[in-house]
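Hi,

Here is the structure I said I would pass on. Have a look at it first, and my notes follow below.

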Amino acid sequence: MAGLEKIISQIRHEAEEKGERMIAAAEKDAEQMLETAREEALAVCGEIEKKSERDVANTLERGRSAADLKLRQGILARKQRLIDEILTEAREAVNHMEPELYFQAMVRLAVRSAMAGDGTVTFSETDLRRLPEGLEERMNAALEIPDASLHISDIPGKLDGGFILSYGEIEENCSIEALFDSERERLKDLVQEILFT
């Protein structure tokens, strides 16, 4: 029996050693798998962090671009309002010029707008009240077109400043408002150049 116990003891001992080696190998494999999983997790975390940083940078850049665009649009809108205000003030300034200068400008405008034949100049009620003496004669004397003559109507027109020049059914709107409207883009460019360059 002593031989049998020795064999069993030997088998048990070999089994324990084999078990310990298998446990040690499994622990080593588990540790290796754990280390690999840690490395992969760190790599994934790194990629997530980089992606998050890129996303945050992109979001910030889009935000900056949107803010810059809104700022540029706001500045442009303010410039447009300022230009419009200046043109409105300029138009009003022409309407309220000192009468002698105002009617000198009206003579030049009438001469520039006149055609051959008899024309009728219709001023506003305000301008008719402050009409300088001899204005009709000054207009006709300045005309350079043969067979052209101008007559100032006693009936006021519905306009703020300037005049309407009529040749029968043909009318030319020489009101200050119409003149400013027809030259609006050029005047806007001029004001912009003066103010913002």
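Of the contacts between residues at least 6 apart in sequence, 77% join residues at least 24 apart. Bear in mind that this is a predicted model.

On the overall layout: the chain has six helices and four strands, and from the N terminus the order is α-α-β-α-α-β-β-β-α-α. The radius of gyration is 48 Å, well over the 16 Å that the globule rule gives for 197 residues, so the chain is more spread out than a compact globule. Along the principal axes, the C-alpha atoms fill a box of roughly 155 × 30 × 25 Å. As for burial, 21% of the 197 residues are buried.

Nonpolar side chains in soluble globular proteins tend to be buried together. Here the largest nonpolar core has 25 residues, and Met106, Val121, Phe123, Leu135, Met139, Leu150 and Phe163 have the most contacts inside it. Two or more residues each come from helix 1 (2–95), helix 2 (99–113), strand 1 (117–123), helix 4 (135–142), strand 2 (148–152), strand 3 (162–167), helix 5 (176–182) and helix 6 (184–196). Helix 2 gives the largest share, six residues.

What does Leu150 touch once its neighbours within four places in sequence are set aside? Its contacts are Ala110, Gly119, Val121, Glu136, Met139, Asn140, Leu143, Leu165 and Tyr167.

Tyr102 and Phe103 are both buried. The rings of Phe123 and Phe163 are edge-to-face as well, because their planes meet at 65°, with the centres 5.8 Å apart. Since Phe123 lies in strand 1 and Phe163 in strand 3, this pair ties together parts that are 40 residues apart in sequence. Both Phe123 and Phe163 are buried. Ring pairs link Tyr102, Phe103, Phe123 and Phe163 into a cluster. While you are there, check Arg130: it lies over the face of Tyr102, at 4.3 Å from the ring centre.

Next, Ser175, which lies in strand 4 (residues 170–175). Is Ser175 buried or exposed? Its relative accessibility is 7%, so Ser175 counts as buried. A polar atom of the Ser175 side chain lies 3.0 Å from the backbone nitrogen of Ala178. Beyond its neighbours within four places in sequence, Ser175 is in contact with Leu159, Gly161, Gly162 and Phe163.

One backbone detail to finish. Most residues other than glycine have a negative phi. Asp147 is not a glycine, yet has a positive phi of about 60°. You will find Asp147 in the loop between helix 4 and strand 2. With a relative accessible area of 69%, Asp147 is exposed.

Cheers

Methods
Residues are numbered from 1 along each chain as its sequence is written. This is a predicted model: local features need pLDDT of at least 70, side-chain atom pairs count only at pLDDT 80 or more; totals for chains, interfaces and linings use all residues. Side-chain values use heavy atoms; hydrogens and water are left out. A nonpolar core is a set of buried Ala, Val, Leu, Ile, Met, Phe, Trp, Tyr and Cys residues joined through side-chain atoms within 4.5 Å. Buried means under 20% relative accessible area, exposed over 50%, partly exposed in between (1.4 Å probe, protein chains only). Contact means heavy atoms within 4.5 Å. Rings of Phe, Tyr and Trp (its six-membered ring) pair if their centres lie within 6.5 Å; planes under 30 degrees apart count as stacked, over 60 as edge-to-face and the rest as tilted. A charge sits over a ring if NZ of Lys or CZ of Arg is within 6 Å of the ring centre and within 35 degrees of the ring normal. A polar contact is a pair of N or O atoms within 3.5 Å; within protein, one must be able to donate a hydrogen and the other to accept it, and residues adjacent in sequence count only if both atoms are side-chain atoms. The radius of gyration is taken over C-alpha atoms; the globule rule is 2.2 Å times the number of residues to the power 0.38.
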